[in-house]
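Trainee: I would like a close look at a single part of this model. Please take it step by step.

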Amino acid sequence: MLIAIVVVLIIVIISLIIYNIMIHKKIQTFRNINQKITNLSVVQDFINAIGETSSVDDKITKINDILIEKYEIKYSTIVVFNGAEYEIKASNVDKRHWDSLKNLHDIDMFKDSITTAIPKYVTVNNEKERLPYQKMEFGRAKSAIFFPLYIDNVYIGYWIMESGVPHDFDNVDTTVLEVIKDNIVSVLKTVVHQKTLEAIVRTDLFTGLYSEEYLYGAGKRVIDQYTTSTICMFKIINLEDINHQYSRELGNEVVTQVSKHVRKNIASDYVFVRYMGPKFVIVFSGVDLKAVADFVSDIKNAMEDLDIKLEEDEKQVAKPKFNFVLSTYYKGTGLEEVLKKLEEYLDNADKDESDVTNI
């Protein structure tokens, strides 16, 4: 009888052990699934942040906020080397600590991490200690993981996540952190082209207008506040003749007076740039093509009535002639493709064509 009871107990114990193992595996599976869902959600949020009509710095700040919220990170800081110095692109740490955070590349333990491309985990054992890189921030962070960032094997900066709890990252899932780091790099790689465009925008000497590149950065943020807009490109078709017949100085004056006339007659929220040479672009943000056509015809006629002279030689009078072409731009599509189509039309049109054309 006693043997039977012992056997039953053993069977029960074994069954419970097996059951607990199965439950543990299911819990682990659910955790993995939940983590994958979180990762997918973060990736989607990153994609949405990249697609937003905001500056590069705003986008990087947004993805840092996403990391902090989704993964419940206490402190997160993204630092990028711009070719001359290290810049903090995003951080939720008080600004008085930024000097130490943007100089972590000078700390020996992090130098090794940068050289080997291997993350570095540092922590303290009790509340009275502080991390080696901390100076005036005693008590803020007690553990941290430093991730060097690379784009195509080129070092570009680092991401550091911190906690106010000692050994807080001892059991962290490093594969998840690698995914996060890779997502940060992907975002930085994607927005670097936008940053380049923002940096090369110039102001035209004669007109005071922004150059073509403005359309793809700050200008596009204005344009994409609306679902559809009308793009107008026009060309001073006799500018070359004015340069040859009179002088380049008078040609420059024509460019200056034309830009002043347009700027004076369009709303301030429309984007107006000198596109290239004799070509200009006006973006009528949020206005459909039909509503623009009559206005463009009026402004064309008014500018062709201008008599443009130089103060030092009023005998030479230039009358500019124009060719206009209009098209619709839809938010989310390629602005550069619309502009290319308009430019091709003007370049291939008959040299004497002076009209307003919709394409």
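Trainee: With which side chain does the side chain of N323 make a polar contact?

Mentor: With that of E353, at 3.2 Å. A polar contact is a pair of N or O atoms within 3.5 Å; within protein, one must be able to donate a hydrogen and the other to accept it, and residues adjacent in sequence count only if both atoms are side-chain atoms.

First, the ground rules. The model is predicted: local features need pLDDT of at least 70, side-chain atom pairs count only at pLDDT 80 or more, and totals for chains, interfaces and linings use all residues. Residues are numbered from 1 along each chain as its sequence is written, and side-chain values use heavy atoms, with hydrogens and water left out.

N323 lies in strand β11. Strands (E, at least two residues) and helices (H or I, at least four) are DSSP runs, numbered from the N terminus. N323 is buried, at 2% relative accessible area. Buried means under 20%, exposed over 50%, partly exposed in between (1.4 Å probe, protein chains only). Contact means heavy atoms within 4.5 Å. Setting aside residues up to four places away in sequence, N323 touches M233, F234, K235, I237, Y345, L346, A349, E353, S354 and D355.

Next comes F324. F324 and F234 have the most contacts inside the largest nonpolar core, which has 30 residues. Such a core is a set of buried Ala, Val, Leu, Ile, Met, Phe, Trp, Tyr and Cys residues joined through side-chain atoms within 4.5 Å. At least two core residues come from each of β6, α7, α8, β8, α9, β9 and β11. Helix α9 gives the largest share, 6 residues.

Helix α8 spans residues 248-265 and reaches 26 Å from its first C-alpha to its last, close to the 26 Å expected. That expectation is 1.5 Å times one less than the number of residues. Its buried residues include L250, V254, V258, H261 and V262.

The axes of α8 and α9 come within 11 Å and cross at roughly 145°. Axes are lines fitted to C-alpha atoms, for helices over the stretch in contact, with angles from 0 to 180 degrees between N-to-C directions. V258, H261, V262 and N265 of α8 meet F295, I299, A302 and M303 of α9.
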